[in-house]
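Come along and check each entry against the picture.

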Amino acid sequence: MSGHGTPIPMISHPCGPLAGRADVPGDKSISHRALILGALSVGETVITGLLEGDDVLDTAKAMRAFGAEVSRDEHGTWRVHGVGVGGFAEPSQVIDCGNSGTGVRLIMGAMATSPITATFTGDASLNKRPMARVTDPLALFGARAVGRSGGRLPMTVVGAADPVPVRYEVPVPSAQVKSAVLLAGLNAPGQTVVIEREATRDHTERMLAGFGATITTEDTPEGRVITLNGQPDLIPQGIAVPRDPSSAAFPVCAAILTPGSDVLVPNIGLNPTRAGLFTTLREMGAELEYENLREEGGEPVADLRARFSPDLRGVEVPPARAASMIDEYPVLSVVAAFATGQTVMRGVRELRVKESDRIAAMAAGLRAGGVTVEDGPDWWIVHGLGHGNVPGGQTCESHLDHRIAMSFLVMGMAAQAPVSVDDAGPIATSFPVFEPLMAALGADIRRG
Ligand code: S3P
């Protein structure tokens, strides 16, 4: 499956109980970072559990283009021979990041403080997304960027030959922007400081510390202050990528909505900057248990056990929780349709600039399936119909957005009539085994 190729329509039929174990793939955010930091250290980084989805494969290709050696053995172990901080070579080809905002923004940061020039492009979805949020702070280091109007890709970044460190307050809650600045700060002398008002996923900070950088995080009245000492010698690591909570969301929500279901989703990271959906589902009355709660590689990890939950209630999701579940609002809106009462989601303007405008895409598909949705610039409300009362029967546009496609396929499992998506190809960006994994649990998803 690919988001670049011929559309792959899929239809999800109402199905019987989902049962069994769902081994979801590796974490997308951590996979990108493992490849990039591996490329920025000297020596061999060994990565197991890497997500082999299109987004991450595009980042692997990009790291090769910047001079790192990246290989995969027959057991699925990846090896990155890095070139060191400041060691990136100038790519001879355009860097195509496919569908991945994380890939392009982090890589722009990583190359922006080296005296090289690179041109970036992506698919139709990525080429619509705003890049100024990254190139503005990169300009403070001395980098220059020229793109299409509105700061869109394709875009050429001329790295700073004599970078200076920066102090930057991130104006939007975005781990991609924070991470781009930190990665640029790696090759600037002195201390780079990033301040974020709302805490976003902290994988970059954790992994930089793991690679031997001196980085501190302090919670202050002005927000979270992250300080990085520039020009470290990053030390190659062995990285076991945990499974992705954002992918776990789909089998978990499918089990909660489908009568009789009982599904185990093992080894899911519950880093507080990622686990907001699971908290929200429990508040809605979902039967979701954390089994075997433990710590692995400094991160809380648990096996998630999700059972059919017939009495879901709508909730008001606290805006302060938004960053910790930003990718999970589409599937939450589907769960909300099966709850009784309203689910109110505020403080979510960022949803409008993801792989698609996720509020618009979900609202359109839910409305076509008989669900009332209200929405404004940074909020939306789903009026739940209660279990058994969601009509479905619609065809939804996925807008080159993997999470929109998967969310509507989950809806089809529990609606009164099947739900179709026009193109499920983009699912390959983050969850290439979605189709067989859901089929093994008992879902009835067909192509065509
Ligand atoms: C990500 C950050 C989030 C998220 C994306 C992955 C990351 O984007 O939506 O899927 O790995 O840093 P923003 O930084 O734009 O919020």
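This is a predicted model: local features need pLDDT of at least 70, side-chain atom pairs count only at pLDDT 80 or more; totals for chains, interfaces and linings use all residues.

Before the first entry, one term: buried area is the accessible area, taken with a 1.4 Å probe, that two parts lose on being put together, summed over both.

**Entry 1**

I began with the domain assignment of the protein chain. It gives domain 1 as 10-26 + 242-447 and domain 2 as 28-239. I then looked up the C-alpha centres of domain 1 and domain 2, and they lie 29 Å apart.

How much area is buried between domain 1 and domain 2? I found about 2000 Å², with carbon and sulfur atoms giving 48% of that area. On the domain 1 side 23 residues are in contact, and they meet 25 residues of domain 2.

Next I checked polar links across this interface. I found 12 residue pairs in polar contact between domain 1 and domain 2, counting pairs with both residues at pLDDT 80 or more. The side of domain 1 that touches domain 2 has 8 nonpolar, 7 polar and 8 charged residues. The rule also finds 3 salt bridges across the interface of domain 1 and domain 2.

**Entry 2: salt bridges**

I reminded myself of a general point: side chains of opposite charge can pair when their charged atoms come close. How many salt bridges does the structure hold? My page says 35.

I looked at Glu-196 and Lys-178, which form a salt bridge with their closest N and O atoms 3.1 Å apart. This pair links distant parts of the chain: Glu-196 sits in strand β11 (residues 191-196), Lys-178 sits in helix α5 (residues 175-185), and the two are 18 residues apart. I also noted Glu-355 and Arg-129, whose side chains meet in a salt bridge at 3.9 Å, N to O.

**Entry 3: a sheet with β1 in it**

I traced an open sheet of 4 strands in the order β22-β23-β1-β24, and its pairing is mixed. Which strands stand at the edges? They are β22 (395-396) and β24 (444-447); each has a single partner strand, so one side of each is left without a neighbour in the sheet.

I then followed β1 (residues 10-13), which pairs with β24 in the antiparallel sense over 4 bridges. I looked up His-13 as well, and its bridge partner in β24 is Asp-444.

**Entry 4: a sheet with β9 in it**

I found another open sheet of 4 strands, this one in the order β6-β7-β9-β8 with mixed pairing. Here β6 (95-96) and β8 (144-148) stand at the edges with a single partner strand each, so one side of each has no neighbour in the sheet.

Arg-148 has Arg-152 as its bridge partner in β9.

Staying on β9 (residues 152-158), I noted that Pro-154 lies in this strand. A cis peptide bond joins Leu-153 and Pro-154, with omega at about -5 degrees.

**Entry 5: a hairpin and positive phi values**

I wrote down a reminder first: most residues other than glycine have a negative phi, and most peptide bonds are trans.

I looked up Gln-231, which has a positive phi of about 55 degrees although it is not a glycine. Where is Gln-231? I found it in the loop between β13 (223-229) and β14 (238-240).

My last stop was the pair of β16 (residues 287-296) and β17 (residues 299-307), antiparallel over 8 bridges. Glu-289 has Arg-305 as its bridge partner in β17. β16 and β17 form a hairpin with 2 residues between them, and Gly-297 in the turn has a positive phi of about 55 degrees.

Methods. Residues are numbered from 1 along each chain as its sequence is written. Side-chain values use heavy atoms; hydrogens and water are left out. Domain bounds come from an automatic or database domain assignment. Contact means heavy atoms within 4.5 Å. A salt bridge is a side-chain nitrogen of Lys or Arg within 4 Å of a carboxyl oxygen of Asp or Glu. A polar contact is a pair of N or O atoms within 3.5 Å; within protein, one must be able to donate a hydrogen and the other to accept it, and residues adjacent in sequence count only if both atoms are side-chain atoms. Ala, Val, Leu, Ile, Met, Phe, Trp, Tyr, Cys and Pro count as nonpolar, Asp, Glu, Lys and Arg as charged, and the others, Gly among them, as polar. Two strands pair if DSSP finds at least two bridges between them.
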